[in-house]
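Subject: Structure handover

Hello,

Here is the structure we spoke about. Please open it and keep it beside this message while you read what was found.

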Amino acid sequence: MRILHTMLRVGNLDKSIAFYTDIMGMKLLRTSENTEYQYTLAFVGYGKEEDEAVLELTYNWGTEQYDLGNAYGHIAIEADDIYGMCEQIRVAGGKVSREPGPVKGGTTVIAFVEDPDGYKIELIAKEDAGKGLGE
């Protein structure tokens, strides 16, 4: 068994696709539209769905905003250059909500950014990915 995808409901599919592909470096893997139930899906990721977990971006026609609630945490993504990635996101008009630096009480370098819908994304420096946050 393996994780296949994480689904995020988005208010503007084109804007979300642009964020995840143009800024975060993912590829648009496939899209599908359901006219009967009025939704469009876009799958994005760093590799093929057969090999890696991906994100499913779901746009329910006519819904432009969601209450994210307080149960959702974040998506974690490994970053080759966490400082450069944050600058790229900032220059593109994205939000960096926690600047890159060591996690409190540890040495793992992390940052937090937000996508167009406000979903939090934790960036973890490549050299620290896979280690415990306190290591």
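Strands here are DSSP runs of E with at least two residues, helices are runs of H or I with at least four, and both are numbered from the N terminus. Two strands count as paired if DSSP finds at least two bridges between them.

Before going on, note that this is a predicted model, in which local features need pLDDT of at least 70 and side-chain atom pairs count only at pLDDT 80 or more, while totals for chains, interfaces and linings use all residues. Residues are numbered from 1 along each chain as its sequence is written, and side-chain values use heavy atoms, with hydrogens and water left out.

Strand β7 and its partners

Strand β6 (residues 95-102) runs antiparallel to β7, and five bridges join the two. Arg98 is placed opposite Phe112 of β7. The hairpin of β6 and β7 has six residues between the strands, and Gly105 there takes a positive phi near 80 degrees.

β7 also pairs with β8, again in the antiparallel sense and over five bridges. Here Ala111 stands opposite Leu123 of β8. Five residues lie between β7 and β8 in their hairpin, and Gly118 in the turn has a positive phi of about 90 degrees.

Is β7 enclosed or open? Six of the six residues of β7 are buried, so the strand is largely enclosed by the rest of the structure. Buried means under 20% relative accessible area, exposed means over 50%, and partly exposed is in between (1.4 Å probe, protein chains only). Val109, Ala111 and Val113 point one way from β7, while Ile110, Phe112 and Glu114 point the other way. Ile110 has a relative accessible area of 5%.

Records from UniProt

An unreviewed UniProt entry lists residues 2-126 as "domain: VOC". That span is 17% helix and 42% strand, and its end C-alpha atoms lie 22 Å apart. The unreviewed entry also lists Glu122 under "active site". UniProt positions are in the numbering used here, feature names are shortened, and annotations may be inferred rather than shown by experiment. In the model, Glu122 is found in strand β8 and is buried, with a relative accessible area of 5%.

Two domains

The domain assignment gives domain 1 (5-60) and domain 2 (75-128); such bounds come from an automatic or database assignment. The centres of the two domains, taken over C-alpha atoms, are separated by 20 Å. Domain 1 gives 14 residues to the contact and domain 2 gives 13 residues, where contact means heavy atoms within 4.5 Å.

Aromatic rings

How many aromatic pairs does the structure hold? There are two aromatic pairs. Rings of Phe, Tyr and Trp (its six-membered ring) pair if their centres lie within 6.5 Å; planes under 30 degrees apart count as stacked, over 60 as edge-to-face and the rest as tilted. Phe19 and Tyr20 make an edge-to-face pair, with 5.0 Å from centre to centre and 90 degrees between the planes. Both Phe19 and Tyr20 are buried.

Why is the pair of Tyr72 and Tyr119 edge-to-face? The ring centres of Tyr72 and Tyr119 are 5.3 Å apart and the planes are at 75 degrees, so the pair is edge-to-face. This pair links distant parts of the chain: Tyr72 is in the loop between β4 (54-60) and β5 (75-79), and Tyr119, 47 residues away, is in the loop between β7 (109-114) and β8 (120-125). Tyr72 counts as partly exposed, at 29% relative accessibility, whereas Tyr119 is buried at 8%.

Another ring has a charge over it: Arg30 lies over the face of Phe43, at 3.7 Å from the ring centre. The rule is that NZ of Lys or CZ of Arg is within 6 Å of the ring centre and within 35 degrees of the ring normal.

A residue in helix α1

Ser16 lies in helix α1 (residues 13-23). Ser16 is buried, with a relative accessible area of 0%. Leaving aside neighbours within four places in sequence, Ser16 is in contact with Val10, Leu57, Pro116 and Asp117.

Regards
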